[in-house]
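Here is a short tour for someone meeting this structure for the first time. Take a look at the sequence and the 3D view, then read on.

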Amino acid sequence: MKLKLHVWRQNGPGNEGRFEDYVAENVSEHMSFLEMLDVVNEQLIARGDEPIAFDHDCREGICGSCGFMINGEPHGPLPSTTVCQLHMRNYRDGDELWIEPWRATAFPVIRDLIVDRSPLDRIVQAGGYISVRTGSAPEANNIAVPKANADLAMDAAECIACGACVAACPNASAMLFTGAKVTHLGALPQGQPERYTRVVEMVTMHDDEGFGHCTNHGACQTACPKNIKVDYIGRLNADLRKAKFRHPAG
Amino acid sequence: MRRVFSLWDSTVGKKIMMATTGVILIGFVVGHMIGNLKVYQGADAFNHYAEGLRTVGEPFFGSGQLLWIIRIVLLAAVGIHILAAVQLVMRSRKARAIGYRKYEGDMVFSYASRTMTWGGLIILGFVVYHLMHLTFGNAHPDFVHGNAYHNFVTGFQSWPVSIAYILTMIPLGFHLYHGFWSMLQTFGATNPKMNHVRRPIAAALAGVVVLGNISFPVAVLAGLVGY
């Protein structure tokens, strides 16, 4: 199949960007979206042009490296799918695709479709951990975890920090990401001692990084390739309220 | 009190303030609609109710005192609600300084969530007009102090005024629908067993308030409420 692409090209963080038009020819329906871009890049390199820069690593939908907007949707139109696992059989000959990086002031463009997502790392560094005394691993069954809590923590831990929630949110808020991290650790017994300082620290860092606020639009949940639910934002909100009134620190 | 003020430090805390003041305002809107249903019992019942708003709380409070306390609480709630909203909206505008060329708007759960800012501004403008129309009377062609029924009937006998009232109920309905659901989310009232009823409750609340309010101008224009 043959596709018409409008791809965002930007040389660096401070540079002006622009859309460039490309034609992707002989696209096989078995290619992944990234493989289609690889083919376009081979042609660009052969012509002596700069290839389109995009983030990718595992190409198995689990590492969280890849991701950009395709026609206004993070990771493209398929639910629960990262762009590396989006295959060209979902498109038809003659389709016109607008490909843009995640747009958020907190995520400056590094080059073309690659954005700097280190603000998400800093949110985790602010409180997304459990302080433990290192040493030999304790006996696994010493701490009993109720099945429901284990399932909740596992579901929240599915987040791969790809940034699609920020990209989808009309407010460029990272609350789904932060909510997933707060829920993941807050659901487990090991996470209890730091539960209420964690939520305050992580929300403070989220705000300091310049993300917008959550207005419960729900676009994040629709866009999330890992089915993270806005219910986790509800848990974050409840934890923050309790941190202020029931368990105030200091 | 220091803890309450510290809510202002974060976006989530500001949302908690908005949700709390929103609950107060939802309570007012519901009470206002239910109170006005007395218009269907005739002029005496309605005027008695209107007068009762001033004398409520007696003999503990003097005439109008409790009413003014409630008005001050409502004004403070409106002020905090709007201040938090303005600050948060400005912040989110900055959070995406460069917009998308293409954006799939269907990703959001409901149309209502995207109308909160404009809907809120329309409601604010309407409230100012509504106060001037039926409370102060300076935007009313034939205002008689102390005769709420007369002001109600003659006010709504004007087609443009009634249509403006009816049209404003549409953004109010969306605002209540998303606001109520959003309030539950902000308070963290998420329970897997109850989550499926949150949307229907929000829709029912918005529907009852909107239909009740729309019935007033319609009843006057249809001649069901008059002299």
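## A wrapped-up helix

The cover over the buried residues of α6(B) includes α3 (43-55), α5 (116-134), α7 and α8 of chain B. Helices here are DSSP runs of H or I with at least four residues, strands are E runs of at least two, and both are numbered from the N terminus. Before going further: this is a predicted model, where local features need pLDDT of at least 70 and side-chain atom pairs count only at pLDDT 80 or more, while totals for chains, interfaces and linings use all residues. Residues are numbered from 1 along each chain as its sequence is written, chains are lettered from A and ligands numbered from 1 in the order in which they are written, and side-chain values use heavy atoms, with hydrogens and water left out.

Back to α6(B), residues 148-156: 7 of its 9 residues are buried, so the helix is largely enclosed by the rest of the structure. Buried means under 20% relative accessible area, exposed means over 50%, and partly exposed is in between (1.4 Å probe, protein chains only). Among the buried ones are Tyr149(B), His150(B) and Phe152(B).

## Where the chains meet

His178(B) sits in helix α7 of chain B, and it is buried, at a relative accessible area of 2%. Leaving aside neighbours within four places in sequence, its contacts (heavy atoms within 4.5 Å) include Thr215(A) and Asn216(A) from chain A, plus Ser110(B) and Met116(B) from chain B.

How big is the area buried between chain B and chain A? About 3700 Å², with carbon and sulfur atoms giving 55%. Buried area is the accessible area (1.4 Å probe) that two parts lose on being put together, summed over both. Across this boundary, 41 residues of chain B are in contact with 50 residues of chain A.

## Strand β5 of chain A

Now over to chain A, where β5(A), residues 96-100, is mostly covered: 4 of its 5 residues are buried. Its pairings are below; two strands pair if DSSP finds at least two bridges between them.

| Partner of β5(A) | Bridges | Direction |
|---|---|---|
| β1(A), residues 3-9 | 4 bridges | parallel |
| β3(A), residues 69-70 | 2 bridges | antiparallel |

Met69(A), meanwhile, stands opposite Glu100(A) in β5(A).
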